[in-house]
Amino acid sequence: MRLEDFSVEDQKVLIPRPGGEMLYRCLGCGTHHGIDELLYTCPDCGEVLLIEDQQFDRLKKTPGPRWREIFDLRRMLNLPAMKGIFRYQEIMAPVIPLDSVVYLGEGHTPLVEANPPLRQLIGRDFCFKNDGQNPSASFKDRGMAVALSYIRYLIEHQGIGRVLSVCASTGDTSAAAALYGAYLAPAVASAVLLPRGKVTPQQLAQPLGSGARVFELPGVFDDCMKVVEHLAENYQVALLNSKNAWRILGQESYSFEVAQDLDYDLAGRALFVPIGNAGNISAVMAGLMKLFDLGIITELPKVFGVQSRHADPVFQYYSEQDAARRVWRPVTVRPSVAQAAMIGNPVSMPRVVDLAIRYDQMAGGDKFQVIQVDEQSIMDHMILANRHGHIVCTQGGESLAGLARAAELGLVSSDEYAVLDATAHHLKFIGFQQMYFEDSFPPEFGVHPRPELINLPQEMVAEGLQQLPAPGSPLEGEAFERYVTLTAGEIATRLGLEKRS
Ligand SMILES: *Cc1c(COP(=O)(O)O)cnc(C)c1O
Ligand SMILES: [Zn+2]
């Protein structure tokens, strides 16, 4: 619909104007810092930051039901900058004007109802939110869209010069950073640091294809992160890891979309999110609280973080029930199929701690929890989901394993409805499926395939064929006919097909 086709009243609110006053807030010393400079940690104490709108309360002048209407009407508006996550500009990143928005098709990912037999198997009703349907095939695009839109704003409106962006990555951050950076070339150039052998070939191909400088380092993600932090502290670069608080803002859009797609009714819902660096779980909680604060939703859902036993520092922290006795200890990770979440020292842990306390206060009870699952369960649930028509990656499998575990522990009842974050597309992590089907997991994973879930191609050369076709030398005449009938006959036998009468 064109803007002029809406009512005059609606026209006034459909196109957001830049507003608000966003500042970094330090989670260590509480100091506020201006956003004119790109900061990643507090210049005073070194702790991580969140960006908050000091004038957020001005948005309360608009009643919650009117906000719902505005977001719903905006869906009908054919304006590229507002097709995706900037539909929620006022509550997400109000200082960014629409003409700075980089929109590559991120957001508006579907909630896909779990297939009925799969629901029966798990014993709970749920859907997947397919965030692998983002442009670089993971949810990381949400955060990059905001981070790069802000950088574009600084370049085009504030006259900062060329930007070299850097990030460390378990694969998907670098794919997203390189993609959005390439869209802004030559004003933005990207460099990415990856742990050698710890990202999939697909994920390695993505930043290469986008033209980023790619450095493969020995070690694991946590080592790459330290090098990137050193670069950001000592050189002129823009850091695009989730230390960059702009990314957290963009990832809040996940919660906004879940709410909107469920008609703003989150009572009796439970969200499951895999935790790696803990940026996404932070964003999901922060976004939900904004919706609640503005009366856009009237009840907060349960939020479950999920971690593999092989990389579970957040689970370990919260396994101490007495909040006063919790101690934060990074862990040494072991190889995990949920490789994008294989992080022992998540940089956003202070954010989780800060947000979880506020979340539970706002929700009026313990609504944030962390679930631990094992590698076997992650793989089994990924394959099972995909066998039922879904496209989940290993991390999406982790979300489903988390739901199964939460159901087993009695933390989600059968009348609750779960929304599982399928964080990336299945094809990015296809090597793990291959290892499962071939039963070739290295022992440290501890994964053994369930025989009924294995699926391998069958070689098919019909008996009695003397001549075979090959590239460049097709069969002809009788030989070709023989090839077709004998091969079809053999396939029909293997499939147990009945002859047409
Ligand atoms: C990054 C990533 C995660 C983990 O998210 P965090 O924000 O690091 O906790 C999970 N799944 C996929 C596919 C990812 O790319
Ligand atoms: Zn500080």
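Which residues do ring pairs link into a cluster? Select Trp-67, Phe-71, Tyr-88 and Phe-256, and you have the cluster on screen. Rings of Phe, Tyr and Trp (its six-membered ring) pair if their centres lie within 6.5 Å; planes under 30 degrees apart count as stacked, over 60 as edge-to-face and the rest as tilted.

Before moving on, a word on the model: it is predicted, with local features needing pLDDT of at least 70 and side-chain atom pairs counting only at pLDDT 80 or more. Residues are numbered from 1 along each chain as its sequence is written, and side-chain values use heavy atoms, leaving out hydrogens and water.

Next, go to the zinc ion (ligand 2). Its protein donors (N, O and S atoms within 2.8 Å of the metal) are the SG atoms of Cys-26, Cys-29, Cys-42 and Cys-45, lying 2.3 to 2.4 Å from the ion. The donor residues follow the spacing C-x2-C-x12-C-x2-C in sequence.

Now pick Tyr-317 and Trp-328, an edge-to-face pair with 6.3 Å centre to centre and 70 degrees between the planes. Tyr-317 is buried at 12% relative accessible area, while Trp-328 is partly exposed at 32%; buried means under 20%, exposed over 50% and partly exposed in between (1.4 Å probe, protein chains only).

Then try Phe-441 and Phe-445: this pair is tilted, with 5.3 Å centre to centre and 55 degrees between the planes. Phe-441 is buried, with a relative accessible area of 9%, and Phe-445 is buried, with 9%.

Finally, select Asn-280, which is buried at 6%. Its contacts (heavy atoms within 4.5 Å) are Phe-139, Gln-251, Val-273 and Asp-421, not counting residues up to four places away in sequence.

Methods. Chains are lettered from A and ligands numbered from 1 in the order in which they are written. Donors are N, O and S atoms within 2.8 Å of the metal (3.2 Å for Na, K and Ca); water is not among the atoms, so sites may look incomplete.
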